[in-house]
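This report goes through a model of a protein complex. Please look at the sequence and the coordinates before reading on.

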Amino acid sequence: MKKTLKSLFLMAMLLVIPAACKTGPLISVDSEEVNLGTIKQGTKTAAKYVFKVKNTGDSVLVIRDVRPG
Amino acid sequence: MVGFDTTILPGREGSITPEVNLTKAHGGTFSKCVTVSSNAKNKPEMHLCVKMTLKVPLAAMPDYIQLRRNASGKFETEVTLSTDKPDLAVREASFKSTAQPNNQNQAAWMASLPDHLTFTLTKPDKPTADGSWDYKLKIWEEPMELKENKFGEFTISTNHPDMPELKVNGIIDASPAPKK
């Protein structure tokens with residue numbers, strides 16, 4: 001009985017320890033708001049900006065959707 | 001419109017590229033934001049914003065043109081063109097209906113639409129306090145038969161290098177002329 005409990009405890013630890021170390025996917029970006037300054041209308045039809053997004057976690061980051069607003 | 005990478009491996013970088021359409025944007029300072037939904041543990045929803053100040057080289061006020069019958073039956077309106085250019089010239093003013101013709105009469109009417117509207121441009125004596133020139137543009141069209149309002153786009157062609165064509169939404173109003 002005591003042996004069974006001990007092995008159960010060990011098995012539980014084996015499952016818990018890696019889970020505790022895992023952070024999952026984490027998203028990070030240098031700045032969430034950028035200022036493009038003054039743009040003269042007519043010189044370009046659209047303003048584009050590339051946000052560099054880093055996954056600082058330890059599993060795959062999945063971006064499901066990016067929508068206006 | 002926005003482009004983005006759908007999966008980013010641990011330790012790697014991806015990009016999210018929002019694009020702001022400037023052709024219909026008004027002048028002034030504004031922000032456009034996108035909401036990024038992901039499986040991130042720290043921020044399942046993240047807001048990314050792009051801020052900018054748009055300087056308009058040429059703007060129409062009001063920004064919706066309404067051509068209305070005057071007492072003599074002509075369709076007319078007056079628009080203020082605000083610009084940084086002290087020697088503005090208007091080459092052409094035209095109207096294009098955005099409606100899809102759904103019968104022969106409508107198609108015939110649209111074909112009979114004048115390509116070119118008549119106009120006069122009056123230069124102000126002096127610029128405004130903020131240095132812009134407010135020109136008065138009077139647009140008119142000879143009397144014609146018109147049973148229903150026509151929605152469409154006015155195009156004002158100018159000599160402004162940054163805005164050779166100013167497009168303004170508007171209407172040709174079918175309401176009867178006001179009584180004298």
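The model is predicted. For the complex, the predictor gives an ipTM of 0.72 and a pTM of 0.55. Chain B has a mean pLDDT of 88, with 95% of its residues at 70 or more. Where pLDDT is low, the predicted coordinates should not be read in detail.

Chain A contains one helix and five strands, in the sequence order α-β-β-β-β-β. Of the 69 residues in chain A, 13% are buried.

The largest nonpolar core has 19 residues, and B:Val79, B:Leu81 and B:Ile139 have the most contacts inside it. At least two residues of this core come from each of the chain B strands tabulated here.

| Strand of chain B | Residues |
|---|---|
| E6 | 58-61 |
| E7 | 64-69 |
| E8 | 75-83 |
| E9 | 90-97 |
| E11 | 133-141 |
| E12 | 150-158 |
| E13 | 165-172 |

A second, separate core has 13 residues, among them A:Leu61, A:Ile63, B:Val36 and B:Met46.

Leaving aside residues up to four places away in sequence, B:Val79 touches B:Ala60, B:Met61, B:Ile65, B:Leu137 and B:Ile139.

B:Thr83 lies in strand E8 of chain B. B:Thr83 counts as buried because it has 23 C-beta neighbours inside 10 Å. With residues up to four places away in sequence again left out, B:Thr83 touches B:Pro57, B:Leu58, B:Leu88, B:Ser132, B:Trp133, B:Tyr135 and B:His160. Its C-alpha atom is separated by 7.8 Å from that of B:Val56, 27 residues apart along the chain.

Methods. Residues numbered from 1 in each chain as written. Chains lettered and ligands numbered in written order. Predicted model: local features only at pLDDT ≥ 70, side-chain atom pairs only at ≥ 80, totals over all residues. Helix = DSSP H or I, 4+ residues; strand = E, 2+ residues; numbered from the N terminus. Buried ≥ 20, exposed ≤ 12 C-beta atoms within 10 Å, placed from the backbone. Core = buried A, V, L, I, M, F, W, Y, C linked by C-beta atoms within 7 Å. Contact = placed C-beta atoms within 7 Å. pLDDT = per-residue confidence, 0-100.
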